[in-house]
Amino acid sequence: MKFVCCPQCGAKLEKREIGDEGLVPYCSACGRPWFDMPYACTITLVINEYDEVALIRQGYVSDQYYVCVAGYIKCGETAEQTAAREVEEELGIKPESIRYTRSYYFEKKDMLMLAFEAKVKKGSFHLSGEVDRADWLTYEEAHEKMRPGSVAIQLLEGYFAGKGRG
């Protein structure tokens, strides 16, 4: 998010030197800086007890590739709560455990993506209205269906590299 006007009073922001941060949007009326910030979201690799991953298709994201479960962090939520909520909302499966793995910056959409691995018991999906399809896939199947170089494929490769694959 790039600030042009003050979110508090609406005044046009000016660039001001703030310590070692360099030029930062600043509101003279409120007397405070407004640091530009990316949108915070989670991306979660959902893995069952058979080392299959649940990937989803969402037409508004891609009509060609499968993706991991992802969503924006809501005010009052931790990143872990968001990851678990999104898995439950999109797949209808409750995670047994959630583990943070790393962060990725996705420049195209100015997003800071906090990556998680969710362990679940294999079950039937109960998809949300924003998910067109979900499938349980092996590493090889998942790798074929994901966009090369994407954050999702990096998450997949990272998980399976730790298991001696990928």
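The sulfur of Cys5 lies 8.6 Å from the closest cysteine sulfur, that of Cys6, which is too far for a bond. For Cys41 the closest cysteine sulfur is that of Cys68, at 12 Å, again too far for a bond. A disulfide is taken here as a pair of cysteine sulfur atoms within 2.5 Å, and by this rule the count is zero. The model is predicted: local features need pLDDT of at least 70 and side-chain atom pairs count only at pLDDT 80 or more, whereas totals for chains, interfaces and linings use all residues. Residues are numbered from 1 along each chain as its sequence is written, and side-chain values use heavy atoms, leaving out hydrogens and water.

Several residues are characterised by their relative accessible area, for which buried means under 20%, exposed over 50% and partly exposed in between (1.4 Å probe, protein chains only).

| Residue | Relative accessible area | Class |
|---|---|---|
| Cys5 | 39% | partly exposed |
| Cys41 | 2% | buried |
| Asp51 | 22% | partly exposed |
| Asp110 | 16% | buried |

Asp51, in the loop between S4 and S5, has a positive phi of about 60° although it is not a glycine. Asp110, in the loop between strand S7 (97-106) and S8, has a positive phi of about 50°, and it too is not a glycine.

Helices (H or I, at least four residues) and strands (E, at least two) are DSSP runs, numbered from the N terminus. Three strands form an open antiparallel sheet in the order S1-S2-S3. Strand S1 (14-17) and strand S3 (32-33) stand at the edges with a single partner strand each, so one side of each has no neighbour in the sheet. Two strands pair if DSSP finds at least two bridges between them. Strand S2 (residues 23-27) is joined to S3 by two bridges in the antiparallel sense, and Cys27 has Arg32 of S3 as its bridge partner.

A nonpolar core is a set of buried Ala, Val, Leu, Ile, Met, Phe, Trp, Tyr and Cys residues joined through side-chain atoms within 4.5 Å. The largest has 23 residues, and those with the most contacts inside it are Ile43, Leu45, Val53, Leu55, Cys68, Met146 and Leu156. Two or more residues come from each of strand S4 (39-47), strand S5 (53-57), strand S8 (111-119), helix H2 (139-145) and helix H3 (151-161). H3 gives the largest share of this core, seven residues. Another core, of 13 residues, lies apart from it and includes Ile56, Val87, Ile93 and Ala134. With contact meaning heavy atoms within 4.5 Å, Leu45 touches residues including Val53, Cys68, Phe116 and Leu156, not counting residues up to four places away in sequence.

Helix H1 (residues 79-91) has 13 residues and should span 18 Å at 1.5 Å a residue, which agrees with the 18 Å between its end C-alpha atoms; the expected span is 1.5 Å times one less than the number of residues. Among the buried residues of H1 are Ala79, Ala83, Val87 and Leu91. The buried residues of H1 pack against S4, S5, strand S6 (69-72), S7, S8 and strand S9 (133-137).

An unreviewed UniProt entry lists residues 37-159 as "domain: Nudix hydrolase". Over residues 37-159 the chain is 24% helix and 34% strand, with end C-alpha atoms 28 Å apart.

Technical notes
UniProt positions are given in the numbering used here, feature names are shortened, and annotations may be inferred rather than shown by experiment.
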